[in-house]
Amino acid sequence: MREVLAQAAFQLFLERGFERTTVDDIVARAGVGRRSFFRYFPSKEDVVFPDHERCLAEMTEFLAAVDDGDPVGAVCDAARIVLRMYAADPEFSVQRYRLTREVPGLRTYELSVVRRYEQTLAGHLRGRFGADGDGELRAEVIAASVVAAHNNGLRLWLRSGGAGDPEAAVDHALDLVRDVWERPAEPSPALEEQLDGQLEKPVPAGGITAGSGDNEVIVMVAAKGTPMWRVVQQIEAAVGES
């Protein structure tokens, strides 16, 4: 019934335009009553996106079952669920894309749908990175990057009229996201030169020694946020002095 209503609605949108089509027009074309329409769709806008609730549920289920070892890869794979939903019916997807470009209200609605996908991805990443410190920020930024990359590739395909393989452009865009967020951060040459210069300077050891001989214990004290290279340097200095 959802598909029947969606097809009837899009026929009318193409014939009359979105604004001039009413819910009564849609149910008359579908041959059902108004109660049937509102059982499946809260509004006329919702009939333009009949498959997003199912897709969002599938994404949530997928993320709940994935291995924790590769969180960035997992959210990229989850985004491909949305791609497959669009690719399953190219004609409908292209019509919807063109319609949302023409009707500002639908564009706003579509952005709210996209935001729900992004929040789902970010929620999964927060569960892996933690909500403290940079964990939440990292989750939000990666989720936004995944959605932006996915949508860039998807829209290239939609603007072409659904020609060719939609996965190629999306895979390329998501690979860029993984390249950025899965590799360790590398300092710039200027930063490396600055660190090398600081390493050559004598740094007071932050160690406190207790005991003597084989039983000697060194306690390392460092301020929160101290660079790891400085912590290692202080430990080495403390060990050397002992």
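**Close-up views of a helical chain**

**View 1. Helix α4 and its buried side.** The buried residues of α4 are H52, C55, L56, M59 and L63. Here buried means under 20% relative accessible area, exposed means over 50%, and partly exposed lies in between (1.4 Å probe, protein chains only). Helices (H or I, at least four residues) and strands (E, at least two) are DSSP runs, numbered from the N terminus. The model is predicted: local features need pLDDT of at least 70, side-chain atom pairs count only at pLDDT 80 or more, and totals for chains, interfaces and linings use all residues. Residues are numbered from 1 along each chain as its sequence is written, and side-chain values use heavy atoms, with hydrogens and water left out.

View 2. An α-helix has 3.6 residues a turn, so residues three or four places apart point the same way. The face turned away from the buried side carries the exposed residues E61, A64 and A65.

View 3. Helix α4 has 14 residues, 52-65. At 1.5 Å a residue it should span 20 Å, and its end C-alpha atoms are 20 Å apart, which agrees. The expected span is 1.5 Å times one less than the number of residues. Which helices do the buried residues of α4 pack against? They pack against α5 (71-87), α6 (90-102) and α7 (104-129).

View 4. L56 is found in helix α4. Is L56 buried or exposed? L56 is buried, with a relative accessible area of 11%. Set aside its neighbours within four places in sequence, and L56 is in contact with R116, Y117 and T120. Contact means heavy atoms within 4.5 Å. L56 and V82 are 26 residues apart in sequence, and their C-alpha atoms are 8.2 Å apart in space.

**View 5. The largest nonpolar core.** A nonpolar core is a set of buried Ala, Val, Leu, Ile, Met, Phe, Trp, Tyr and Cys residues joined through side-chain atoms within 4.5 Å. The largest one has 37 residues. Those with the most contacts inside this core are M59, L63, V82, Y117, L121 and V146. Helices α4, α5, α6, α7, α8 (134-159) and α9 (166-182) each supply at least two residues of this core. The largest share, eleven residues, comes from α5. Apart from this core lies another, of 21 residues, among them A6, L12, V27 and L99.

**View 6. V82 and its contacts.** V82 is among the residues with the most contacts inside the largest core. Leaving aside neighbours within four places in sequence, V82 is in contact with C55, M59, Y117 and H150.

View 7. R116 forms a salt bridge with E53, and the closest N and O atoms are 2.6 Å apart. R116 lies in helix α7 and E53 in helix α4, so the pair ties together parts that are 63 residues apart in sequence. A salt bridge is a side-chain nitrogen of Lys or Arg within 4 Å of a carboxyl oxygen of Asp or Glu. R116 is partly exposed, at 37% relative accessible area. E53 is also partly exposed, at 46%.

**View 8. The R101 and E110 pair.** These two side chains form a salt bridge, with the closest N and O atoms 3.5 Å apart. R101 counts as partly exposed, at 36% relative accessibility. E110 is buried, at 9%.

View 9. R178 and E182 meet in a salt bridge (3.1 Å, N to O). They are four residues apart in helix α9, so about one helical turn separates them. R178 is partly exposed, at 23% relative accessible area, and E182 is partly exposed, at 37%. Salt bridges that share partners join D70, R178 and E182 into one network.

**View 10. The whole chain.** How many helices and strands does the chain have? There are eleven helices and two strands. From the N terminus on, the elements run α-α-α-α-α-α-α-α-α-α-β-β-α. Buried residues make up 36% of the 242 residues. A search of the whole structure finds 14 salt bridges.
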